Structure formats: C-alpha cells, structure tokens
Amino acid sequence: MARYLPPIDKPRGLIMKMVYVVSRRQFGKVMTPVKVLPPRMPLAFGSFYGKLPRLDRKLRLASQTALLIREQVASTNMCMFCMDAARWYVMTKTPDDLARLDALPEYQTSPLFTDAQRAALDYATELTRDKKVEPTTFARLTRHYTEREVCDIVWLVASEHLNNMTNIGLGIGSDGFCELAQRAGTKGRDCALPAPPSDVARHRTDDAAAGTAREQQS
C-alpha cells in the first residue's frame, strides 16, 4: 500500500520527539501512523489516540475476547497495519493465543472458540460489515454478556474503526512488526496475515460487481 502522506522522520517539539523515542524503544522502530498523522495535528489529537489502549484496560470484558474482537474488526476492514500490530502483540505478549488468532477466519466452526466468543465475533462482524445489527444477533449476544460487557464490545468495535480508518485513509499498510518479532526469536509460526472472512470477501466481490455495472450504465 502506497502512503498518501510521507512520514515525518524529524518531528518538531519535545513531546513528539519523546513519543518517537518511546515507540522506537517499544517496537524497535517508530510506528508509521505515529510519523504520519500526529506530527501534522495539534497535540490533543495524538493524545486522544494514545488514550485508547489505556481505556481498554478499564474494560470488564476478558482481554482475550477483546483482542479477538479488535482483530476481527481490523481484518473485516482489511487494515493491514492493525492486523500486523495485533499479531506482533500476540507473538510477543501472549503466544499461547497465536493458534486462536490463526483460526479467527473459521471462528464459527473452530473448537478453539467458545459460544460466547462466537456471539461477540458475529456481532462485531455484522456491525462492521453491514453498519447495523439484526435483533437476533443482539439477543444472542446478551445471552452471554452483561449490559456493561455489551457496551465494552461496542467500544471495541467503534474505537477499532478509528484506528482502521485512520490507517486506511492515509494509505498506511503493514509495518512489518511481526517480522521483527520473528527475527528476534519470538515464539510463533510465521507472519502471514489472515485473509478476510469469506462472507466479507463475498460482499466485497458483490460491491465491486455492482460498481462496475453502475460505471457501464453511466
């Protein structure tokens, strides 16, 4: 993916320079999203983005389920940066979850997922793909989660869209983080990112065909 705006390698201001240092220490490089949007915006915007992971720590939803929901939204939207970053996190922080991450495209049938996780992932997929949720999908979700946990899930879907649309809108693709982790000897199979769910791919094919038809008619 070609970036639409060039990264700023030498930011102005002490705070942004400190952000670059922290990113480099944590990931071995400065994340591309950090070099593209925050240096061009008032500091309050970068601060807002930085609050997202801190707010996630206040969720009551199980961290494993939260990770799966974010990855499902990112893969449905095909945000390659977010998918790569999530895989890096699992490889370096929770390697036992790697098999589950690999099986995410088959979550509806894979024995690695609980019925509660399937309900949450169905809800997240439907909301992301269709921008609406059927009452039956929501009813199944509430059989497994409290009202607070349902709100947690909505937060995860909505805030992941912020990250996804920022990266996609600026042409920011994978940063190769999981390759860095693999070269460092981190436990993991490979760095291949999963394909989008089959029903998402089908919807995109249908949308592309409809777009072609409209162009031919115009």
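The model is predicted. The chain contains 11 helices and 0 strands, and 41% of its 218 residues are buried. The largest pocket has a volume of about 1,700 Å³, and the largest nonpolar core comprises 21 residues.

**Overall fold**

- Read from the N terminus, the order of elements is α-α-α-α-α-α-α-α-α-α-α.
- Of the contacts between residues at least 6 apart in sequence, 70% join residues at least 24 apart.

**Nonpolar cores**

- Within the largest nonpolar core, the residues that touch the most other members are Leu-61, Ile-69, Phe-113, Leu-121, Leu-141, Tyr-145 and Ile-153.
- Two or more residues of this core come from each of helix H4 (63–77), helix H7 (115–130) and helix H9 (147–169).
- Helix H7 makes the greatest contribution to this core, with 5 residues.
- Leu-141 touches Ala-119, Ala-120, Tyr-123, Val-150 and Ile-153, when residues up to four places away in sequence are not counted.
- There is also a second, separate core of 17 residues, which includes Met-31, Ala-74, Trp-88 and Leu-170.

**The buried residue Asp-152**

- Asp-152 is located in helix H9.
- Its relative accessibility is 3%, so Asp-152 counts as buried, the limit for that class being under 20%.
- A polar atom of the Asp-152 side chain lies 2.8 Å from the backbone nitrogen of Arg-60.
- When neighbours within four places in sequence are left aside, Asp-152 is in contact with Leu-59, Arg-60 and Leu-61.
- One of these contact partners, Leu-61, is also among the residues that touch the most other members of the largest nonpolar core.

**The largest pocket**

- The largest pocket is lined by 46 residues, of which Phe-27, Met-31, Tyr-49, Pro-53 and Asn-163 are the closest to its centre.
- Met-31, one of these central residues, is also a member of the second core.
- The elements that supply two or more lining residues are helix H1 (14–27), helix H2 (32–36), helix H3 (43–56), H4, helix H5 (80–93) and H9.
- Helix H3 gives the most to the lining, with 9 residues.
- By class, the lining holds 27 nonpolar, 11 polar and 8 charged residues.

**Loop residues with positive phi**

- Most residues other than glycine have a negative phi.
- Met-78 is not a glycine, yet has a positive phi of about 55 degrees.
- Met-78 lies in the loop between H4 and H5.
- With a relative accessible area of 24%, Met-78 is partly exposed, because that class lies between the limits of 20% and 50%.
- Lys-131, although not a glycine, likewise has a positive phi, of about 60 degrees.
- Lys-131 is placed in the loop between H7 and helix H8 (135–142).
- The relative accessibility of Lys-131 is 57%, so this residue counts as exposed, the limit for that class being over 50%.

Conventions: Residues numbered from 1 in each chain as written. Predicted model: local features only at pLDDT ≥ 70, side-chain atom pairs only at ≥ 80, totals over all residues. Heavy atoms only, no water. Core = buried A, V, L, I, M, F, W, Y, C linked by side-chain atoms within 4.5 Å. Buried < 20%, exposed > 50% of the residue type's maximum accessible area, 1.4 Å probe, protein only. Helix = DSSP H or I, 4+ residues; strand = E, 2+ residues; numbered from the N terminus. Contact = heavy atoms within 4.5 Å. Polar contact = N/O pair within 3.5 Å; in protein donor to acceptor, adjacent residues only side chain to side chain. 1 Å grid on protein atoms, 1.4 Å probe; cavity = no way out; pocket = protein on both sides within 12 Å on 5 of 7 lines; lining within 4 Å. Points joined across faces, edges and corners; volume = space filled by probe spheres on them. Nonpolar A, V, L, I, M, F, W, Y, C, P; charged D, E, K, R; others polar.
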